[in-house]
Amino acid sequence: VDEVFQFFADAGNLEMLTPPWLNFEILTPGRIEMHAGTIIQYALKVHHLPVHWTTAISEWNPPHEFVDVQLRGPYILWHHRHKFQCLGNETRMIDEIHYRLPLGCIGRATHWLFVERDLRRIFDYRAGIVEQQFRVSST
């Protein structure tokens, strides 16, 4: 658990954990120390459209969990809890994500057409990278 948590605690690993088709880039300069209150700025492309995203670490409980929330970005609400559980010699990683899109009916249609599928692909990619780095059971 400690080793997997530390991997996620290093913001520099976010680029490795993000699919290349998103052209993800951390904009926050220098080394990022993760703790409650840390703010990170990113740029990425979603379906070739540029997106700037700012998140804050709202909860920090090593090595068990942390939460990032969107301060600026494409969602009305983005609350992402990362949980790490010890299962003997393995670690279970759990992503709990609560989000809401803007624009009412248009946002719901966009969710149905793109967003849900895109998020599944992004987190499946992330799970594959984590499995390559560690022996991890992810859900």
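User: Why is Leu22 called buried?

Analyst: Leu22 has a relative accessible area of 9%, and buried means under 20%, exposed over 50% and partly exposed in between (1.4 Å probe, protein chains only), so Leu22 counts as buried. This is a predicted model, in which local features need pLDDT of at least 70 and side-chain atom pairs count only at pLDDT 80 or more, while totals for chains, interfaces and linings use all residues. Residues are numbered from 1 along each chain as its sequence is written, and side-chain values use heavy atoms, with hydrogens and water left out.

User: What does Leu22 touch, not counting residues up to four places away in sequence?

Analyst: Taking contact as heavy atoms within 4.5 Å, Leu22 touches Leu44, Lys45, Val46 and Ile122. The C-alpha atoms of Leu22 and Val46 are separated by 6.0 Å, although the two are 24 residues apart along the chain.

User: What makes Arg31 and Asp10 a salt bridge?

Analyst: The rule asks for a side-chain nitrogen of Lys or Arg within 4 Å of a carboxyl oxygen of Asp or Glu, and the side chains of Arg31 and Asp10 meet at 3.7 Å, N to O. Arg31 lies in the loop between strand 1 and strand 2 and Asp10 in the loop between helix 1 and helix 2, so the pair ties together parts that are 21 residues apart in sequence; helices (H or I, at least four residues) and strands (E, at least two) are DSSP runs, numbered from the N terminus. Arg31, at 65% relative accessibility, counts as exposed, whereas Asp10, at 27%, counts as partly exposed.

User: Which residues are linked with Glu96 in a network of salt bridges?

Analyst: The network links Glu59, Glu65, Arg81, Lys83 and Glu96. Glu96 pairs with Arg81, their closest N and O atoms being 3.9 Å apart, and the side chains of Glu96 and Lys83 meet at 3.1 Å, N to O. Glu96 lies in strand 6 and Lys83 in strand 5, so this pair ties together parts that are 13 residues apart in sequence.

User: Is Arg81 buried or exposed, and how do you know?

Analyst: Arg81 has a relative accessible area of 15% and is therefore buried, while Glu96, with 29%, is partly exposed.

User: Why is Leu17 called buried?

Analyst: Leu17 has a relative accessible area of 2%, so the label buried applies. Leu17 lies in helix 2 (residues 14–17), and its C-alpha is 8.9 Å from that of Gly128, 111 residues apart in sequence.
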